Amino acid sequence: MTSPRLAGALAAAAALAASQLTAAVLGLRESPVLAIAQTAIRLTPGGIAEPIIGAVGTADKPLTIVSVVVVMVLLGAIVGTWWRPHPTWAVAGVVVLVGLATAAVLSRPYGSVGGVVACLVGGAVLVGVLALVLPESSHDDTEKGPAVTRRRMLTTVGAVVVATAVAGTAGELLASRRRRRRDLDGLRAALRLPTRRRPTPAGADLGVDGQAPWRTSNRAFYRIDTALSPPLIDPAGWRLRIHGMVEREVTITYQDLVDRGLNDAWVTLCCVSNPVGGDLISNTVFSGVPMRDLLDEAGIRPGADMLLSTSEDGWTCGTPLSSLTDGRDAMLAVAMDGVPLPVEHGFPVRQVVPGLYGYVSATKWVTDWRVTRFDEAEAYWTQRGWAARGPVKTHSRIDVPRGRATAGAVPVAGVAWAQHTGIAKVEVRVDDGAWQEAELGAVPSDDTWVQWRWEWDARPGDHRLEVRATDKSGYAQTSERADVLPDGATGYHGVDISIA
Ligand SMILES: Nc1nc2c(c(=O)[nH]1)N[C@H]1C(S)=C(S)[C@@H](COP(=O)(O)O)O[C@H]1N2
Ligand SMILES: [Mo]
């Protein structure tokens with residue numbers, strides 16, 4: 001006897017594999033599993049998404065997909081237990097599962113008939129495997145004895161397992177997405193942009209062992225977005241449409257952008273979800289075209305105060321027009337650290353605006369600009385409880401020492417940031433003692449973080465180190481703890497150190 005629960009789980013796995021395979025054969029942009037996972041992400045409230053991202057970081061993406069598969073297999077197990085005693089429930093369960101999957105597929109920006117077909121194939125395989133593994137009546141039970149039945153059952157189950165594995169593997173091999181990704185990687189590597197890799201500004205990197213490098217490599221640059229698989233966009237087909245409260249609609253191509261000539265700017269990008277002491281912040285040089293030039297060409301109509309930007313995969317972002325037109329290096333960037341944007345960081349074109357958290361400024365894979373008003377439009381994270389406006393909060397972090405050190409001269413070092421305002425001073429204190437001023441690294445502008453260093457004459461025992469920054473507006477960081485939701489964390493970063 002096969003356990004109905006096991007049979008149902010197996011049938012669900014086979015159904016998922018079959019839908020993957022169908023998606024691959026049809027060359028779909030997204031399989032049903034991916035569409036369901038994306039829909040789950042979209043429907044998750046910010047207050048729940050945030051702690052998850054905080055706890056698992058970039059592993060949120062594979063975790064979401066694995067969760068969807070696990071939930072589907074569990075639901076399949078439930079349907080399996082209904083199959084014999086309650087066939088109507090079981091069929092209704094399958095219809096609901098296929099219906100939900102179809103709804104998820106159709107709610108995506110690239111929902112298609114092919115996606116619906118993949119869902120239906122999955123449903124058919126689910127029913128087919130259940131019927132195969134859990135036949136309604138077993139004459140064999142009485143005629144040939146349980147041993148033969150068991151052998152036949154094992155063969156059937158084995159066949160389904162193999163078929164599932166084959167379908168799944170074939171799906172992977174056929175995945176047109178992988179091919180497209182390879183093609184795009186090749187195309188990107190061959191792109192020649194009128195920019196080059198800049199040297200790190202002299203004196204910016206203090207080079208203390210364990211301190212975050214002043215310049216972040218593209219590989220180490222933090223990554224945050226809602227895309228389970230990044231959009232794959234051929235620059236030749238990329239367009240930015242500017243519309244809404246403008247004098248004239250404008251459409252820009254990639255070549256238009258590059259032909260304008262590229263400006264370089266060092267900018268530190270920071271996520272609003274960065275907790276006190278966190279590392280969702282990175283610094284590099286971006287190359288692009290001022291956003292203001294494009295807005296000027298379209299002509300902003302009076303009364304507009306927001307740019308609502310949308311990415312190819314439907315994520316939205318609301319940026320105050322004032323911070324795009326006040327002369328700061330707000331740009332449509334095509335390069336990062338001297339090379340075309342990495343696919344995960346927005347290839348071929350993204351926004352970068354110094355002084356604003358990423359969720360209100362840094363749209364990757366951007367394809368649409370609508371000039372509008374804050375009282376008329378709400379962007380993705382604002383709909384989920386985050387503030388409509390997100391200026392970066394002045395902050396500082398201790399990178400070293402961590403944990404333990406030996407008595408004597410101990411270098412204490414880290415980074416501090418107040419993008420577009422600038423850092424005036426960084427101070428450290430030990431065990432609630434007096435604040436001691438740290439040495440600062442040199443910076444090319446107020447738009448980047450600053451490295452700091454302070455030498456501590458450490459005595460044996462347990463100590464607590466804390467840091468605070470004062471920005472060039474005269475504001476000193478508050479000790480008051482605030483959560484990252486709704487508009488960024490506050491509070492001093494402190495570390496506990498044991499001195500031997
Ligand atoms: N298309 C798109 N752009 C996006 C996001 C997103 O989810 N989708 N996330 C934003 C957020 S919250 C941040 S912090 C930055 C992070 O940019 P990075 O991944 O290049 O570091 O991208 C922004 N741009
Ligand atoms: Mo973010």
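In this predicted model, strands β14 and β15 are joined by 2 bridges and run antiparallel. Strand β14 spans residues 423–430. Across the pairing, Glu 427 stands opposite Glu 437 of β15.

Both strands belong to an open sheet of 5 strands. The strand order is β12-β19-β18-β14-β15, with mixed pairing. Strands β12 (403–405) and β15 (436–437) form the edges. Each of these edge strands pairs on one side only.

The ligand site was examined next. Ligand 1 is surrounded by 19 residues. The closest are Tyr 222, Thr 226, His 345, Arg 350 and Lys 364. Polar atoms of the protein approach oxygen atoms of the ligand at several positions, among them Thr 226, Trp 315 and Arg 350. For Thr 226, a polar backbone atom lies 2.9 Å from an oxygen atom of ligand 1. For Trp 315, the contact comes from a polar side-chain atom, at 3.4 Å from a ligand oxygen. The side chain of Arg 350 places an N or O atom 2.7 Å from an oxygen atom of ligand 1. Taken alone, ligand 1 exposes 530 Å². The protein buries 99% of that area.

Val 113 is part of helix α6, which comprises residues 113–133. Val 113 counts as exposed because its relative accessibility is 67%, above the 50% cut-off.

Terms used
Residues are numbered from 1 along each chain as its sequence is written. Chains are lettered from A and ligands numbered from 1 in the order in which they are written. This is a predicted model: local features need pLDDT of at least 70, side-chain atom pairs count only at pLDDT 80 or more; totals for chains, interfaces and linings use all residues. Side-chain values use heavy atoms; hydrogens and water are left out. Two strands pair if DSSP finds at least two bridges between them. Helices (H or I, at least four residues) and strands (E, at least two) are DSSP runs, numbered from the N terminus. Buried means under 20% relative accessible area, exposed over 50%, partly exposed in between (1.4 Å probe, protein chains only). A residue is near a molecule or strand if one of its heavy atoms lies within 4 Å of it. A polar contact is a pair of N or O atoms within 3.5 Å; within protein, one must be able to donate a hydrogen and the other to accept it, and residues adjacent in sequence count only if both atoms are side-chain atoms. Accessible areas come from the Shrake-Rupley method with a 1.4 Å probe; for residues, only the protein chains shown count as cover.
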